[in-house]
Amino acid sequence: MNTKLFSPYVPRPVTLVEKTQLSDFVTRFTFEQDNGKPLAHKPGQFVNLSVYGIGEAPFSISSPPRRTHNTFEIAVRRIGAVTGALHALEPGAKVGLRGPYGSSFPVMKFVGKDVLIVAGGLGYIPLRSLLFYQLRHRDEFGRMVLMVGTREPKERIFVDEIADLAKSGDIEVLETVDMPDDTWKGNVGVITTLLPKAELDPGNTFVAMVGPPIMYRFVIAECRKKGIASDQIFVSLERKMKCGLGKCGHCQINELNTCIDGPVFCYTDIEAYQEAI
Amino acid sequence: MTTYTVYKEQLPGLFEKWSQQHALHVPAKLREGFYDLVPWKKGLEIAWDFDVAYNSPKRFLLPPRETLITFNLKTCEAAPVFEAPPQILFGVHPYDVKAINQLDQLLESGAPDQNYVRRRAATVIMAFEPLTVSPAAFWATVGAATAAHGYDLYWTKIGPAAFTVEVGSVRGEELLAMGGPLLLSTAGDKEGARRAKARILFKARRSGLRYNWEETPRLLAKCWDSPLWRRYSQMCLACGSCNLVCPTCYCFDIREEADDLLEEGIRYREWDGCMLESFAKVAGNHNFRPKAQDRYRHRYFRKGKYIYDKIGELGCVGCGRCVRACTAGIANPLKVFNELWEETVHEH
């Protein structure tokens, strides 16, 4: 790269190689880096994707780090201009990419420990990166528990994958929906109703959670009630990350920049920030 | 530090020479009570006694709209765009120099903002000691009466037709030398400059904080739940004027547009403001600061605490621009900080 012409705002081209519909509004996209290199991300990080002419937006990486592949995945809900344009793309299309950016789940801390993964709604998407990284190194971790909460059965994503996980024996899977329909036979209620069902060893359990803004305080309170310490709880927070460089100011949580200080935070580090949870 | 004495009669010649290689901006009166830095041209009357340039100098370093990249919609290739015209800002008051120093630190930290860095490198700052103080200003009490660095030359008017010029950089000295042989300031001239500075400082101190400015972050830490935020913010029009005129506000949005044929396009940044309703709104319409109160408090916390915690200086340099720009009369860091101090005085 010509360092004279370097600018952190310039994306590099990546190519869409696969597109799978996950629900009415959510689609999984697999991209390939045109430079042939692996993305070299860590679980929990995000990228800024550009659909040129429409705009740029941040997306969590939903695939685990891969040393040998130059592909990575995101899963996106169609909700605005950029996500709408992304959904209109077909394999072979190119987009711009910046990143990976931000902090990640401290997997090394989780080694030898039990890990509880709490995924509310689309929160499963970034957590997949952590989940499959851990499953690939399954022997290095203790018990693994996955809790998935969705508003309605028809909004569930990665349904087959989660069913396979439940059957695999590598991980205990607990699922719930807030508003059941006739097809739903499982647990009903918000995600916190799952916590009493898992017998956790609070001193030995790390928690990773991602979900809608409203979810965190309730799940955290429930974890604390179980005796899990604040420094064993990791959350990934969403804000309007625009520049990804800690400059533009949109993603601030008090004085923290979510894009460089986060999106993954240890709860101890943000407990005192009024704008965090 | 080398100090030279320069006479008013030398200025037209210097300006003429400088403006051949630089865009030269100097303070001028636009209308009664409104001053700004404007492009210099022959015969322009310089407003030596301007109290504040109503538009802050950040626009020269971080323009209201600035192209960051160009892209091709077909190939998805993008290239950086750098514009860094050589420019001289003549007549920047010390509090604005402080503000620029702050932008330097914040935009150059982490992944340096190359667009800013280049513009800054091409910009010569000629500081000028104020002769009058804006009624809304309080820079003397927030540690912004002097700038220790960040200028190339520092001009102080020591008489009707004479200035001392302190050298801040080699580049500044070379520019000054373009006018011919330099005259080192005498002890008397330097004393004159000292007095001029003391005189204006005395005037500026008439309005100020009731406490030491370094206490501000600790004060704010106690005031998250103060009723003041609601009391003031209920009148906020969410217009963002305070953000626009603020010399230290640098938040920006990134947008883009494509040409008619959807072949080429540009991505640019535009000033944004944390007081605008949609500033922290994400896709799906969740707003992380939905209330005017949240946004108003955030701005004061940035000025009084967050920036301080990062760089050890207040994010407010006391220029008073927001006080004047605010239609609702609620933007007033001095008043806000003083009232919070009063509110918590029983705790001190």
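These legends describe close-up views of a predicted model. Residues are numbered from 1 along each chain as its sequence is written, with chains lettered from A and ligands numbered from 1 in the order in which they are written. Local features need pLDDT of at least 70 and side-chain atom pairs count only at pLDDT 80 or more, while totals for chains, interfaces and linings use all residues.

**View 1. Chain B as a whole.** Chain B holds twelve helices and eleven strands (DSSP runs numbered from the N terminus: helices are H or I, at least four residues; strands are E, at least two). Its radius of gyration is 22 Å, close to the 20 Å of the globule rule for 348 residues, so chain B is as compact as a globular protein of that length. The radius is taken over C-alpha atoms, and the rule is 2.2 Å times the number of residues to the power 0.38. Along the principal axes, the C-alpha atoms of chain B fill a box of roughly 65 × 65 × 40 Å. Of the 348 residues in chain B, 46% are buried (20 or more other C-beta atoms within 10 Å of the residue's own, with C-beta atoms placed from the backbone). Among contacts in chain B between residues at least 6 apart in sequence, 72% join residues at least 24 apart; a contact means C-beta atoms, placed from the backbone, within 7 Å.

**View 2. The contact between chains A and B.** Chain B contributes 36 residues and chain A 34 residues. On chain B, the elements giving two or more residues are β4 (65–72), β5 (78–80), α4 (114–121), β10 (252–258) and α10 (292–311). β10(B) gives the most, with five residues. This side of chain B divides into 24 nonpolar, six polar and six charged residues. Nonpolar covers Ala, Val, Leu, Ile, Met, Phe, Trp, Tyr, Cys and Pro; charged covers Asp, Glu, Lys and Arg; the others, Gly among them, are polar.

**View 3. The seven-stranded sheet of chain A.** This open sheet runs β10-β9-β8-β7-β11-β12-β15 in chain A, with mixed pairing (strands pair if DSSP finds at least two bridges between them). β10 (187–188) and β15 (264–266) of chain A stand at the edges, each with a single partner strand, so one side of each lacks a neighbour in the sheet.

**View 4. β7, β8 and helix α3 of chain A.** β7(A) (residues 114–120) and β8(A) (residues 144–150) pair in the parallel sense over six bridges. A:Ile117 has A:Leu146 in β8(A) as its bridge partner. Helix α3 (residues 124–136) of chain A packs on the sheet, touching β7, β8, β11 (205–210) and β12 (233–236) of chain A. The direction of α3(A) makes about 155° with that of β7(A); axes are lines fitted to C-alpha atoms, for helices over the stretch in contact, and angles run from 0 to 180 degrees between N-to-C directions.

**View 5. Helix α12 of chain B.** In α12(B) (residues 333–343), the buried residues are B:Pro333, B:Leu334, B:Val336, B:Phe337 and B:Leu340. They pack against α7 (216–221), α8 (228–233) and α10 of chain B.

Conventions. Two residues are in contact if their C-beta atoms, placed from the backbone, lie within 7 Å. A residue is buried if 20 or more other C-beta atoms lie within 10 Å of its own, exposed if 12 or fewer, and partly exposed in between; C-beta atoms are placed from the backbone.
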